[in-house]
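Student: I've got the sequence and the fold open. Can we talk through how the labels get assigned?

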Amino acid sequence: IPHLSAFLSFPNNDIKLEVLHTLARTRDAMAGRILLGFLKDPDEEIRIQATMKLDPAGAGARVQQIVHEAAGREFQAKSLKEKEAVLSFLGRTRAPEALDFLSRTLRRAPLFASKHVLEMRLAAAAGLAGMGTDEALAALQKGAIGRTKRVREACRAALESLPPAGGSIVR
């Protein structure tokens, strides 16, 4: 597995994708670290695939690192697809730091929001849906009554896609 790290700087994306698939099948700590290295790749598709292949159960301390990167200005300039992949991964980790970040991002509603802020909020709704905890459901319910129409719709769609937990979810 350590030899697969040589492909981090490989120019051929098809080979990189095969390495990602191989690393994803191997649930090893070293494989997880190499997958994290692919998050810095210049190609967006490689970064998205690497994010989707990360094991949320083995995230541990990496969650704080990813939250820190997702909070940065450079991350906000990325595409909606990449934002959704990263924030969905954070949701799958079910880590308290991820919940806090996703909830804060969803609540962030400046009066004149930019396209980047809107995309972050939509991606946060997807991440909270993937989390599926009671706290995440509460955050989605608050988002479903917010003032921004697209965020409201995304939160409602996320709530509808979740299985009912004893009928306690108000829709």
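Predicted model: local features only at pLDDT ≥ 70, side-chain atom pairs only at ≥ 80, totals over all residues.

Student: Why is Ala70 called buried?

Tutor: Its relative accessibility is 1%, and the cut-off is under 20%, so Ala70 counts as buried. Ala70 is part of helix α4, residues 62–70.

Student: What does Ala70 touch, leaving out residues up to four places away in sequence?

Tutor: Phe75, Leu87, Phe101 and Met120. As for Lys83, 13 residues away in sequence, the C-alpha to C-alpha distance from Ala70 is 8.1 Å.

Student: How do you know that the span of α8 agrees with what a helix should give?

Tutor: Helix α8 has 17 residues, 115–131, and at 1.5 Å a residue they should span 24 Å. The end C-alpha atoms are 24 Å apart, so the two values agree.

Student: What makes α8 "mostly covered"?

Tutor: The count does: 13 of the 17 residues in α8 are buried.

Student: Which residues touch the most other members of the largest nonpolar core?

Tutor: Leu87, Leu90 and Leu140, in a core of 48 residues. Helix α8 supplies the largest share of this core, nine residues. In general, nonpolar side chains tend to be buried together in soluble globular proteins.

Student: And what is Leu140 in contact with, beyond four places in sequence?

Tutor: Its partners include Leu106, Ala125, Leu128 and Ala129. Cys155, Ala158, Leu159 and Leu162 are also among the contacts of Leu140.

Technical notes. Residues numbered from 1 in each chain as written. Heavy atoms only, no water. Helix = DSSP H or I, 4+ residues; strand = E, 2+ residues; numbered from the N terminus. Expected span 1.5 Å × (residues − 1). Buried < 20%, exposed > 50% of the residue type's maximum accessible area, 1.4 Å probe, protein only. Core = buried A, V, L, I, M, F, W, Y, C linked by side-chain atoms within 4.5 Å. Contact = heavy atoms within 4.5 Å.
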